[in-house]
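Grab a pencil and work through these exercises with the structure open beside you. Try each task before you read its solution.

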Amino acid sequence: MSAATLTAPEAGSSTVSEVRNWKTPVMLAVLAVAALLVFAIGAPSNNVTFRLTAESDPIVLPAIVVSAPVTGWICAVVLLAAAAWSFLRVRAGRPVPGWLLAVFAVFFVAGFLTWVVGSARTPNLALYGLLAGSVTLAVPLIFGSLSGVLCERSGVINIAIEGQLLFGAFAAAIAGSLSGSAFVGLLAAVIAGVMVSAVLAVFSIKYIVNQVIVGVVLNVLVSGLTGFLFSTVMSADSATWNSPPRLAPISIPVLSDIPVIGPILFEQSIVGYLMYIAVAVIYVGLYHTKWGLRTRAVGEHPKAADTVGVKVNRTRFTNVLLAGAVAGLGGAFFTLVLVSSFGRDMTAGQGYIALAALIFGRWNPLGAFFAALLFGFATNLQSVLSFLGTPVPNQFLAMLPYVVTIFAVAGLVGKSRAPASNGIPYIKG
Amino acid sequence: MKLELQGITKRFGSLVANDHIDLVVEPGQVHSLLGENGAGKSTLMNVLYGLYEPTEGRILVNGEPVSFNGPGDAMAAGIGMVHQHFMLVPVFTVAENVALGNEATKAGGMLNLNQTRAKIKQISDQYGFDVDPDAVIEDLPVGVQQRVEIIKALVRDAEVLILDEPTAVLTPKETDELLAIIAQLKSDGKSIVFISHKLREVKQVSDIITVIRRGKVVGDADPMASTTELASMMVGRAVSLTLDKAPAQPGEATFRIEDLTVHAPNGQRVVDGLSLEIRRGEILAVAGVQGNGQTELTEAILGLQDHTAGSITLEGQELLGRSVKDIIRAGVGFVPEDRSVEGLVGPFSVAENLILNRYDQPPFAKGLAMKPSLIEQNAQEKIGEFDVRTQSAHAAAGTLSGGNQQKVVMARELSRPLKLFIASQPTRGVDVGSIEFLHKRIVAERDGGTPVMIVSTELDEVLELADRIAVLYRGRLMGIVPGKTSRDALGLMMAGMPAEEALGHEEQLGTDRESGEQ
Amino acid sequence: MSNEQKHERQLSRSAAHGDEVRLEAAAELGDGTQAPPAVPAGAQSGELRPELRESQTVLQKIMTGNALVAVLAVIMSLFLGGLLIAFTDERVANSASYFFARPSDMLGAAWTAASDAYLALFQGSVFNWEGESFSRMVYPLTQTLTVATPLICAGLGVALAFRAGLFNIGAQGQIIIGATLAAWVGFSWHLPVGLHLLLVIIAGIIGGALWAGIVGLLKAKTGAHEVILTIMLNYVALNLVLYLLTTPAFQRPGSSNPISPQLDETARYPLLFGEGFRLHWGFIVAILATVLVWWLLNRSTIGFELRAVGANPTAARTAGISVTKGYVTVMVIAGALAGLAGVAQVAGTEGVLTSGVAASFGFDAITVALLGRSTPWGTFAAGLLFGAFRAGGVTMQTATGTSIDIVLVVQSLIVLFIAAPPLVRSVFRLPEPGALRGRRNRKPATAGGAA
């Protein structure tokens, strides 16, 4: 019997199929119609100014001035065309390409910005400030979602990001105030994050308690603990306990003068630079090192890793602790960079947004980074817009990041794949 | 390398999985472990591989006692294992899987996959494997995945290779290839421990056979011993390997599939233009190697697949496009292939599982309210009728043994009037005693005039039960042949040869080759 | 939709196959073959082999039982909370400076600080022995029941969703939307006694059910994860009510604060014991809701479906139970229960709608459900306990100056400890339960699900 006599129908390899996923086109169509109604038909009649640089910057670029109705209609038409095309693609049994989604996002944001700024009392937006502020707000989110990447890639769900951030912020404030050194504060934040992680690890790995439960309860615990100490110790004598030194931005000469991206990349606090480093290190580590290979294996198929001598639970333990350290840094950002004191529940749910960024970013450090930037952008937009005096009620602007998240997880993430053993404890026979 | 197990005992609570087992594996030998499902073979091998700690007893390598704290120690001692369910990370490449746990690194812990690739290539060339180091595991056929497992062991310089039920997922052709590889490994001086419950293969490959029953070594057997002899050693009593079954009295064809196509969510066509019909009072067995569309076929009939085209009719009624509940109510009984995942809700009681798909039907429910006393009564009846060994009707179904779990599923499905009965892998992981019982019930259902479809990857079971056999290969029907078709012809069809060709081929060869078992 | 189901199936499959190596033994033991349910340990894992139970002595049963673990977990948590109180107490800090000279001073101060706080807590939640009349003495207990009412309702909603394998973190938002709708019917419609309250309750139920139904629907249709969805909808709900309270339809005429008009008297729950007590009929509704949920879970086909979906979605689907429909159903019911909590707030305790109407009941409800092991009566009892903490915490804060935040700490510690019985046993050096049972307990009874 030779292989040549066998008929081998290659049916299995034909992937063009009747399997159609209408989720994305439907979502795009809804957004495109909304864009048509609001950005185009509802466009204000005036011009909109976007400033790329401040007057005082070393290099001054001219401002961009566009007509709101023209831009609105252009965006609406492009969005409708993109939605229609995605319908045709799906009907032909082809997937909607990623670049189409990117184009859609860019035009939607452009249309939205033009409309909302145009309708404001002062139709003039400092784009450079919006972007730089977005990055600033995204820093703790990025640390938080990196913490999630480290945990969940090794198979432990991390709902406790919120608690890690909050405890990090708290510890940084106290240690910074007592020592007078921001670096001691930074170190304390790392330790605090690790402490929260240690509880998560012990309960979810050693005692096999459901990981979501531990995470949720840890967040309550940290909130209660920091709240208690805040009201008993910190408030009583805030000069001693709650006035940490600030980590000022360090600008790198020349590079920080580059318009728009200069301030974003080269005028950050230490924590900001550490954030870029963390993204790079975790990305390279995860995909190109022995540690990363083992981490991913443990998160995907722990038994397989065990049978080749990888200590599954030890690997998970280490990763969860590392994750705590990373999130702790993010927490320090609140009290050492953003504002110079700790406030009750000051992380205000950022940990949950970081969780969403992690999922939106498909458990990939780079993806999580960009998703967190998006959420930072949405949050910053809200404060910038309320400053400009837009007609949209402030409460709706405040909902923006959350609504974006819902659209993101409901409309686009379906295709992503969590680590196969995420959330499943490993119990050896 | 000489490997000895002395007095190995492994207890789980009150259960003794291994009871003072002694075993000596000589270098360059193929040593088979033969035993039923649940006899304790895999437990023993997991002890040997460092996954379980033995309760008593010791392991000796070349006469020196060793103790394994984990698979790492076992590997260091030169023991490699190919698990029944491959221990490969599906989203990793071959090289990543081979490297895992044994990584070659450059400075700073950076992976050096090139070194691993080179090793894979070397072993691949030596044994004629043809494995691409950069292929992703989940895209590879199972036969190739198994070779990756063997490479994993060889890269780590394994001297003893444990193969746990290695042929369960292979086509007959792939099985032949594996046996050739084993021969080559043996000639290189490696020892092989071959674990199986398939008598023919064990006889074919072994130098020596050790039979295990209920956790104890029953004795050694000669590979030349007859199958009946081996079977009775394995089961502990004389067994009839053939089922008493009257010839089928087929009636009209009430179940028809026409041009059925099923797509997986990823767009792959997993069932491709399949047509068949089953008559009342006949058993049609669907044979094929695992993963050739059988699962999707049965799920499509039950309404569990979403992307389907074609037509499935039962007594003239179209089933395709209807809900699972509708189809169950139309009289389709279904025993799924993986009872613990699809057939039973583990934490639910036996009583609840016995009404899992009739919980909202009279007499068990009226409106929204369920009737606990009637549910209990039903459970008592079925437990008696199907001889389900359980502490009580309230015990969680997950606490029963595999055979008893299967009886619960079977009892549930067979205790209502059916117009079609489908059983996937009806006896997988079930002890011989239960197998006989379950087979009899299936034949009884047929004799009651129900069209029956059996899906099995075990050729023995197919040959035993089938009145007609349909062979699937890559989602396509290779043909429907009579129940008495020879193993060789079926093997060719399972490897993708259409029926006419395979039967013709068979006739040519049949004269000068012994035809399998008979 | 099918993607999601596939995903779930793969999940449960991989979970089942993870145990494959010990299959031979495990099948006989019966622990390892089914996918771990995404349900907190509870009734589902409570079914043990009867002969095992009988073979244990009474003492063994007490020593290894869940009830003892629960009691010890509460003691441990109170102890740790006491340490925290003591460490932050000024007198303790003062006496610590000369600890080595006279250690008894500091230990005494620590004991006083913690015991005073806890006595005040008890006095504020159960029985006030310093009250001038009997009704004043039992007043704290009625306060506990009043606070427990929304906790029980919302906790039942969370527990129900847990049983179907869903993590409903969104009770907060569901309470807010339920309360908003109920309040609106309560102050803008003017209807006769009886009918008005009935419509208020129905409006609250609809509000909560709608808000949670969105989650069920999105999960069923798109496979989006309910933890993320519910958390995001909490924020959306909060901002929505903040916005509504600036609109003429909701804002109190003449006020610039975000507060609604008072609900009509006809829209309020009548008080149970007259004017002297704040306890209202909402508590009776909470009891009825508990009975209803018990019946629903254990005696109805809906409960059968959703327990099956929670314990093994793949098997449920194969048995003809629609998993997606189950998700929508359970979320709608869970939301309705949270809506009842909102009604208890606006039509009972508060009488008006503010953005703080839900307080932190929605989040506390999660811990309540966890502590109650997702059983209806367990949740009821846990709701009473946490209600006592809340009510007593207020008294404690005013009487001893101990921040009410300590209650959050103690509550979360209790839930953590109860979820990890081996930890509690090892702290108190209790015997491990019998060998077989020990293995069962190491099972991830509270595992899985939210991957």
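**Exercise 1: a loop residue**

Find where Asn168(C) sits, then decide whether it is buried or exposed.

Step 1. Asn168(C) lies in the loop between helix H8 (134-163) and helix H9 (171-188) of chain C. Helices (H or I, at least four residues) and strands (E, at least two) are DSSP runs, numbered from the N terminus. This is a predicted model: local features need pLDDT of at least 70 and side-chain atom pairs count only at pLDDT 80 or more, while totals for chains, interfaces and linings use all residues. Residues are numbered from 1 along each chain as its sequence is written, and chains are lettered from A and ligands numbered from 1 in the order in which they are written.

Step 2. (Buried takes 20 or more other C-beta atoms within 10 Å of the residue's own, exposed 12 or fewer, partly exposed in between; C-beta atoms are placed from the backbone.)

**Exercise 2: a helix residue**

Step 1. Look in helix H6 (residues 182-206) of chain A, where Val202(A) is found.

**Exercise 3: a strand**

Explain why strand E13 (residues 283-287) of chain B is largely enclosed by the rest of the structure.

Step 1. Five of the five residues of E13(B) are buried, so the strand is largely enclosed.

Step 2. Check both faces: Ile283(B), Ala285(B) and Ala287(B) are buried on one side, Leu284(B) and Val286(B) on the other.
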